[in-house]
Amino acid sequence: MKLWSQFFIPTLKESPADAEIASHKLLIRAGLVRKLSAGLYTYMPLGQRVMRKLTEICREEMDRAGAIELWMPHLHPAEFWENGPRWAASREIMFRADSAGAAARPSREPELVLGPTHEEVITPLVKNEISSYRDLPKNFYQIATKFRNEIRPRYGLMRTREFVMMDAYSFDADEAGAARSYEAMKRGYEAFFRRIGLLSIAVEADTGVMGGSFSHEFMAPAEVGDDDIIYCEASGYAANREKATSALVPADLSDAPPSGEIEKFATPGVATIAALAAAPYSVPAEAQFKTLVYIGDGQPFVVILRGCDELEEAKLGALGFTLVRPATPEEIEPIMGAKPGSLGAVRGTIKNPAALTGIFADHAIRLIGNGTTGANEDAHHLRHVNVARDLAITRFGDFRRVHAGEPCPLSGQPLQSRRGIEVGHIFVLGTKYSERFGAVYTDAEKQSHPMVMGCYGIGIGRSMQALIEQDHDADGIRWPWAVAPFQVIVTLLDPKDEAATAMAKTLAAAAERAGADVLVDDRDERPGVKFKDADLIGIPLRLTVGGRGLKEGVIELKWRHEAAARKVPVAEAQSVIAGEVQRASEEATSAE
């Protein structure tokens, strides 16, 4: 057991001014963390106890999934990243750690970087250590600190520059083996989140700069989150906003016939979808073609959407580009012949079509059939533009953002949306990294093949904050039993009363023998202060000893999630407490 007077729990009455959401406020007020600088936090003793429990449960589930623990350096030679497939996309979010010789490098690139993940380290390691199919499959993991140069750190531990993450990397002989490793890890993730008491949903996700064939994010539903979950309860479909699709466009949709010849008309002062939708033109947004120019890996291309739709930039990754950004007006005009606001993709209207690598259209523009678009002439538009007849489309695809209410792609029922916190992510990487680094194995016929990889991550600190965001009330945190920093708090109302002090220690010892982590609040504080602090830091079970109760021969037992306390006779207290602790432990164990 620990005595509060000899431990360190610096609780606060007021929330810090820069804490925006409930979980961030409670992290600070409950004394779990303290901010050093933007995106950098010290884990205080109470927070470290939670992190240690989360880490141990994570380790147990990764071991159970067949992964093997190791430890890799945080400091990486930059050449490993330069030789990898995502240096251009990752360098901006990496901290550099130059040594004295870095300035002499001709490229002026950093000599050393701090690792945000470890694909570029583990793959060369496996290349040197594994060469035969007999040694596969293998899955290696670590639980360690990562570094990412977040431009806007916010929301406490949800978006930081230094964070604790479990990262794992699987290596298989073929895609079937990689799929088995992926499913084993997916089950391990589900078990981890179930055991720590965090509600999470596995959703289809965009692979981003990681690449690979498919991935899932584990999202913890919360009122405040960093992403949207699009889901259907009827079918079980779930995806994050960047990956979500719908059945808005029927698969058997026929192209509309032309409604008339193209007609150009003047639109002075019109440079937005909303302006064209207003009087005197009154062209509804759903009848307009929105033409956007982007730069992908240095090459310009066009994306066409309905005027009422938003582009989901992550979906542009399906076009094969690594780095994508909107083109500037200065880049657009020499290609298209007009400034943004008057752009279109009608055949024969683009000033320099050869400069474009392609014109890509969202499937939903076929719902327009015949609509209005820019004429590639400032302050002019074209009406009666037919999708099949007039638009020079290289390829159709899914590029729009899906919204709640659209039909589910599986059931046709309306999709729903809610916010969520990303707490884990798993990827099938394929051979993207193994081919780049030469991580190959020899099969039984002495033929060489690249290993098929997967990668996996769980945010340990994020999981801690997500637990708080999901389960708190006006008084403070409500920790699940398995990860609570202390599971039982014995609140001693009068530390100067020797009989009460002896009883408190006796009850604490009984709870400890039953398997609980116990904190005894022996401070010389008013009872109200002690009760408020116990609720704030979220200890699941509170035992109150002293005052009128002890004179009456009872102690008070109260669960954090229950409104009322109950009185227990002193003679029965030890056995009752042992029973309550055992029941809570069994319920937590049953989650395994």
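**View 1. Strands β14 and β15 side by side.** In this predicted model, strand β14 (residues 289–296) runs antiparallel to β15, and eight bridges link the two. Pairing here takes at least two DSSP bridges between the strands, and the strands themselves are DSSP runs (E, at least two residues), numbered from the N terminus. Look for Ile295, which sits opposite Pro300 of β15. Residue numbers start from 1 along each chain as its sequence is written. Local features need pLDDT of at least 70 and side-chain atom pairs count only at pLDDT 80 or more, while totals for chains, interfaces and linings use all residues; side-chain values use heavy atoms, with hydrogens and water left out.

**View 2. The turn between β14 and β15.** The two strands make a hairpin with two residues between them. Zoom in on Asp297 in that turn: its phi is positive, about 50 degrees.

**View 3. The other pairing of β15, with β17.** Here β15 pairs with strand β17 (residues 359–362), this time in the parallel sense, over three bridges.

**View 4. How covered is β15?** Strand β15 spans residues 299–306, and seven of its eight residues are buried, meaning under 20% relative accessible area with a 1.4 Å probe and protein chains only. Across the protein, buried residues come to 49% of the 592 residues. In a regular strand, side chains alternate between the two faces of the sheet.

Definitions and conventions: Buried < 20%, exposed > 50% of the residue type's maximum accessible area, 1.4 Å probe, protein only. Helix = DSSP H or I, 4+ residues; strand = E, 2+ residues; numbered from the N terminus.
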